[in-house]
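Q: Hey, I'm new to this one. Can you walk me through it?

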Amino acid sequence: MFDPTVFDNLKVIAEGAIYDKDLDGDICVINRSDCVDLATMSRAYHISFRLPTDTTQAKLLLTVDAQNLVGEILEQQAMPGCRLELTFTCKLSSVAVCENIQALVEKIWGRERMIVQQISYEYKQPVYTNEISVAFQKHITEDHADDLSIVVEYMITTLHTLKDILGNQR
């Protein structure tokens, strides 16, 4: 038997919060991945979901590097932690709405988060893809475990907000 790492514990909490919302019918889980990278001895977990009536997707990504894993396992690190990044992917008919998206996402997540919008498109197609990343600057630890359910709530709020903004551009 082994002790679960901080990564394992946070992953289970985030996954549970998201699947509870899926069971309630608030969201639909559409993808999940739990990977161990043997080349870098790191781990990554992501789970993607959307609102039942919309195509905009949200993804929660939790990662841990070798330094944090080894430091925790060998008990050389007092507060081992993981990285948390959120991504929202939506389709746009015009990039003019990006300024409104930035303002509303900053209002939900706060200005201390690094919020980046990356626009891409397929040549000769009139639709843009906007990938909005919300990065947490500091590692999260088990002290933040209770905050993960709040993060999921904010992610759902962000999806509703994006749905409202994008519904106005159609």
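This is a predicted model: local features need pLDDT of at least 70, side-chain atom pairs count only at pLDDT 80 or more; totals for chains, interfaces and linings use all residues.

Q: Ok, so where does Met41 fall, and why?
A: Met41 has a relative accessible area of 47%, so it counts as partly exposed.

Q: And where does Met41 lie?
A: Met41 is in the loop between strand S1 (28–37) and strand S2 (42–50).

Q: Which residues form a nonpolar patch on the surface?
A: Val36, Leu38 and Met41 make up that patch, and together they have about 330 Å² of accessible area.

Q: What about the backbone, what's phi for Met41?
A: Phi of Met41 is near 55 degrees, a positive value, and Met41 isn't a glycine. Most residues other than glycine have a negative phi. Lys124 also isn't a glycine and has a positive phi, of about 70 degrees.

Q: Where's Lys124, then?
A: Lys124 lies in the loop between strand S5 (114–121) and S6. With a relative accessible area of 68%, Lys124 is exposed.

Q: Switching to the inside: which residues of the largest nonpolar core touch the most other members?
A: That core has 43 residues, and Leu60, Leu84, Leu86, Phe88, Ile101, Trp109 and Met155 touch the most other members. Elements giving two or more residues to this core include helix H1 (6–23), strand S4 (83–92) and helix H4 (147–169). H4 gives the largest share, nine residues.

Q: What does Ile101 touch?
A: Leaving out residues up to four places away in sequence, Ile101 touches Leu92, Gln117, Asn130, Ile132, Leu162, Ile165 and Leu166.

Methods:
Residues are numbered from 1 along each chain as its sequence is written. Side-chain values use heavy atoms; hydrogens and water are left out. Patches are made of residues with over 30% relative accessible area and no salt bridge: like charges are joined within 9 Å, nonpolar side chains (Val, Leu, Ile, Met, Phe, Trp, Tyr) within 5 Å. Accessible areas come from the Shrake-Rupley method with a 1.4 Å probe; for residues, only the protein chains shown count as cover. A salt bridge is a side-chain nitrogen of Lys or Arg within 4 Å of a carboxyl oxygen of Asp or Glu. Helices (H or I, at least four residues) and strands (E, at least two) are DSSP runs, numbered from the N terminus. Buried means under 20% relative accessible area, exposed over 50%, partly exposed in between (1.4 Å probe, protein chains only). A nonpolar core is a set of buried Ala, Val, Leu, Ile, Met, Phe, Trp, Tyr and Cys residues joined through side-chain atoms within 4.5 Å. Contact means heavy atoms within 4.5 Å.
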